[in-house]
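Thank you all for coming; I would like to take a few minutes to walk through one model. Please have a look at the display first, and then we can go through it together.

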Amino acid sequence: MSVHDDLTSVQRCLDDLARSVGRLEQQIGTGLEMRRVRVDADHLRESLALLREAADQPAAPRRPDLVAIPDAPYDNSLWTDSDDEGLGARDRHAP
């Protein structure tokens, strides 16, 4: 089975669940427990809709593109205001 077939099958099951919950609600009433079951069933339907949207989008690449780092040294002006780790700024002395 393909993913879309599985999603369609789950959608049919959730539709059946919603109908069954509706029938139970008519027989039992709308107490706290019934409202929780209704909310949970609705939450499953929303989650399935999100899953269906995610399945329709193209898959993201598994590996990020490699970035070439040049062998040439960096420009020294990049480090003029930087601190040396553990030593502090270049023009000051450690206590």
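Which pattern does the protein chain follow when it is read along the sequence? The pattern is α-α-β-β, made up of two helices and two strands, where helices (H or I, at least four residues) and strands (E, at least two) are DSSP runs numbered from the N terminus. Before I go further, please keep in mind that this is a predicted model, in which local features need pLDDT of at least 70 and side-chain atom pairs count only at pLDDT 80 or more, while totals for chains, interfaces and linings use all residues. Residues are numbered from 1 along each chain as its sequence is written, and side-chain values use heavy atoms, with hydrogens and water left out.

Let me begin with the two helices. Helix α1 covers residues 3-28, and α2 covers residues 32-56. Their axes, which are lines fitted to C-alpha atoms over the stretch in contact, lie 10 Å apart, and the helices pack at an angle of about 165°, on a scale that runs from 0 to 180 degrees between N-to-C directions. α1 and α2 are therefore roughly antiparallel to each other, a label given to angles over 145 degrees. α1 passes α2 in a left-handed crossing, meaning that the near helix is turned anticlockwise from the far one by less than a right angle.

Now to the charged pairs. How many salt bridges does a search of the whole structure find? The search finds three, a salt bridge being a side-chain nitrogen of Lys or Arg within 4 Å of a carboxyl oxygen of Asp or Glu. In one of them the side chains of R45 and D15 meet at 3.2 Å, N to O, and this pair links distant parts of the chain, since R45 belongs to helix α2 and D15 to helix α1, 30 residues apart. R45 is partly exposed at a relative accessible area of 33%, and D15 is also partly exposed, at 23%; here buried means under 20% relative accessible area, exposed means over 50%, and partly exposed lies in between (1.4 Å probe, protein chains only).

Another bridge joins R38 and E25 at 2.7 Å, N to O, and this pair likewise links distant parts of the chain, with R38 in helix α2 and E25 in helix α1, 13 residues apart. The bridge between D16 and R19, whose closest N and O atoms are 2.1 Å apart, has both partners in helix α1, three residues apart, or about one turn of the helix. D16 is partly exposed at 40%, and R19 is partly exposed at 48%.

L44 sits in helix α2 and, at 43% relative accessibility, is partly exposed.

Finally, the surface. Of the 95 residues of the protein chain, 9% count as buried. I69, Y74, L78 and W79 make a nonpolar surface patch of about 500 Å². I69 itself is found in the loop between α2 and β1, the strand at 83-84, and this residue is exposed, with a relative accessible area of 64%.

Methods. Patches are made of residues with over 30% relative accessible area and no salt bridge: like charges are joined within 9 Å, nonpolar side chains (Val, Leu, Ile, Met, Phe, Trp, Tyr) within 5 Å. Accessible areas come from the Shrake-Rupley method with a 1.4 Å probe; for residues, only the protein chains shown count as cover. Angles under 35 degrees count as roughly parallel, over 145 as roughly antiparallel, 65 to 115 as roughly perpendicular and the rest as oblique.
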